[in-house]
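Open the model in your viewer and keep the sequence panel beside it.

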Amino acid sequence: MNIQMVDLKGQYKKIKNEIDKAVIEVLESSAYINGPKVKDLQNHLERYLDVKYAIPVANGTDALQIALMALGLERGDEVIVPAFTFVATAEVIALLGLTPIMVDVDPNTYNLTGEIVEKAITPNTKAVVPVHLYGQTADMESIMKVAKKHNIYVIEDNAQAIGADYTFSDGTVAKAGTIGDIGTTSFFPAKNLGAYGDAGAIFTNNDDLAKEMRIIANHGMEKRYYHDKIGVNSRLDSIQAAILDIKLKYLDDYADARRKVADNYDKAFADIDAIQTPVRTDTSTHVFHQYTMRITNGKRDELNAYLNSKKIPNNIYYPVPLYEQEAFKHLAGAVDFLPSTDLLCKEVISLPIHTEMTDEIQGVIIDAVKSFFGGK
Ligand SMILES: *Cc1c(COP(=O)(O)O)cnc(C)c1O
């Protein structure tokens, strides 16, 4: 039995006719970069997310970098970032000569809260980058409140939660990635909305920031060959845009399929004491980019080895806190231990979850996990 963390080929096969046709259209159009397909995707993303501007770029890391570049920050300015995230979130901060301030996360949601952010604010703090880890929105209401109070920017790293809905206490609903000043996402193939190569996008409702980011993404150029600032080259290929535009139509169905897999796991593991299944908040829908649970009896590494021996794919996102990464040690400042981050790096494990999961395959995975814990 071929079990995979994600089944990109199976997903492609279901929409092969549509995709192949769209790709051939681009090939025949010769508008390979920033063609009409890119504009279509942009419009459809804006409509789907109900956001004023979507700016397609080359990947999710560039999206974060361009967002930070647009804020006009200066060397040494502090940007608050969770220590428990994929490296890209902090990498771009360091790359721009800004100072990443690594903070802990809530051990149940795996995400930042307003309270955590507020404790890290200094006179040098200029921005915070909440990450909507594994597919669930961070506590944006409290984060926005703290950001407003201290006058700092909020950039949502929404690489893992595109399509998730966040509900404020007044009942207003907004899509993840459209709540802060800027939201960014990645269309890396294995993400919930995945291209067939690298791709990403930036979202904002702010006219000035949108204009600035478009210019930065295109060599700092507004009028052709007149360069007003140092920019980057971060364009989206038309082929990727054509593919994404088709897959965007299915994004909500894909999220439903992932949630169904998550529901099955939740149910199957409900009476295993050593497993803390993912905690779902009242404020966000969960689009389950990953199904990440905590193994609370100290046997995470043993489970990892056991599943590997049974050829059941599984992964540890992420095994090392940012402040312990070789590349970031010199930037960690006074931080050398954050209790929840440290705990999560030792306890989390992610099981296969994707849009093509059959009950049969999931049954095999569930049985393997249960047998490790001494079940039948
Ligand atoms: C994938 C990811 C990124 C980077 O996206 P790329 O498209 O691979 O550059 C950034 N942040 C998070 C949280 C991610 O999961």
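This is a predicted model: local features need pLDDT of at least 70, side-chain atom pairs count only at pLDDT 80 or more; totals for chains, interfaces and linings use all residues.

**Stop 1**

Is threonine 184 buried or exposed? Threonine 184 is buried, with a relative accessible area of 0%. Now show what surrounds it. Beyond its neighbours within four places in sequence, threonine 184 is in contact with Ala63, Leu64 and Ala67, with the run Ile155, Glu156, Asp157, Asn158 and Ala159, and with Ala201 and Ile202.

Next, select threonine 125, which sits in strand S4 (residues 125–128). Threonine 125 is buried as well, at a relative accessible area of 5%. Leaving out neighbours within four places in sequence, its contacts are Glu78, Ile80, Ala120 and Ile152. Look also at threonine 122: its backbone nitrogen lies 2.7 Å from a polar atom of the threonine 125 side chain.

**Stop 2: two domains**

Zoom out and colour by domain. The domain assignment gives domain 1 as 8–248 and domain 2 as 251–372. The C-alpha centres of the two domains lie 24 Å apart. To show the contact between them, you will need 43 residues from domain 1 and 37 residues from domain 2.

The size of an interface is often given as the accessible area lost when the parts come together. Here, domain 1 and domain 2 bury about 3,600 Å² between them, and 58% of that is on carbon and sulfur atoms. Which residues of domain 1 lose the most area to domain 2? Pick out Met102, Tyr134 and Asn192, which together account for 21% of what the domain 1 side buries.

On the domain 1 side, the elements that give two or more residues are helix H1 (8–14), helix H5 (88–95), strand S3 (99–103), strand S6 (165–167) and helix H9 (238–248). The residues on that side divide into 24 nonpolar, 12 polar and 7 charged.

**Stop 3: a salt bridge across the interface**

How many salt bridges cross the interface of domain 1 and domain 2? There is 1 salt bridge, while the count by the same rule comes to 19 salt bridges. Select glutamate 356 and lysine 14, which form a salt bridge with their closest N and O atoms 2.6 Å apart. Glutamate 356 lies in the loop between S12 and helix H13 (359–372) and lysine 14 in helix H1, so the pair ties together parts 342 residues apart in sequence. Colour the pair by accessibility: glutamate 356 is buried, at 15% relative accessible area, whereas lysine 14 is exposed, at 63%.

**Stop 4**

Move to lysine 37 and glutamate 25, a salt bridge with the closest N and O atoms 3.1 Å apart. Lysine 37 is in helix H3 and glutamate 25 in helix H2, so this pair joins parts 12 residues apart in sequence. Lysine 37 counts as partly exposed at 22% relative accessibility, and glutamate 25 is partly exposed at 40%.

Then jump to lysine 329 and glutamate 326, whose side chains meet in a salt bridge at 3.4 Å, N to O. Lysine 329 is partly exposed at 45%, and glutamate 326 is exposed at 63%.

**Stop 5: two covered helices**

Select H9. This helix is mostly covered, with 10 of its 11 residues buried; among them are Ala241, Ala242, Ile243 and Leu244. What covers the buried residues of H9? The cover includes H1, helix H2 (16–29), helix H3 (36–49) and helix H10 (251–269).

Finish at helix H12, residues 339–347. Its buried residues include Ser340, Thr341, Asp342, Leu344, Cys345 and Glu347. Show S3, strand S11 (291–295), helix H11 (300–309) and strand S12 (348–351), which are among the elements covering them.

Key
Residues are numbered from 1 along each chain as its sequence is written. Side-chain values use heavy atoms; hydrogens and water are left out. Domain bounds come from an automatic or database domain assignment. Contact means heavy atoms within 4.5 Å. Buried area is the accessible area (1.4 Å probe) that two parts lose on being put together, summed over both. A salt bridge is a side-chain nitrogen of Lys or Arg within 4 Å of a carboxyl oxygen of Asp or Glu. Helices (H or I, at least four residues) and strands (E, at least two) are DSSP runs, numbered from the N terminus. Ala, Val, Leu, Ile, Met, Phe, Trp, Tyr, Cys and Pro count as nonpolar, Asp, Glu, Lys and Arg as charged, and the others, Gly among them, as polar. Buried means under 20% relative accessible area, exposed over 50%, partly exposed in between (1.4 Å probe, protein chains only). A polar contact is a pair of N or O atoms within 3.5 Å; within protein, one must be able to donate a hydrogen and the other to accept it, and residues adjacent in sequence count only if both atoms are side-chain atoms.
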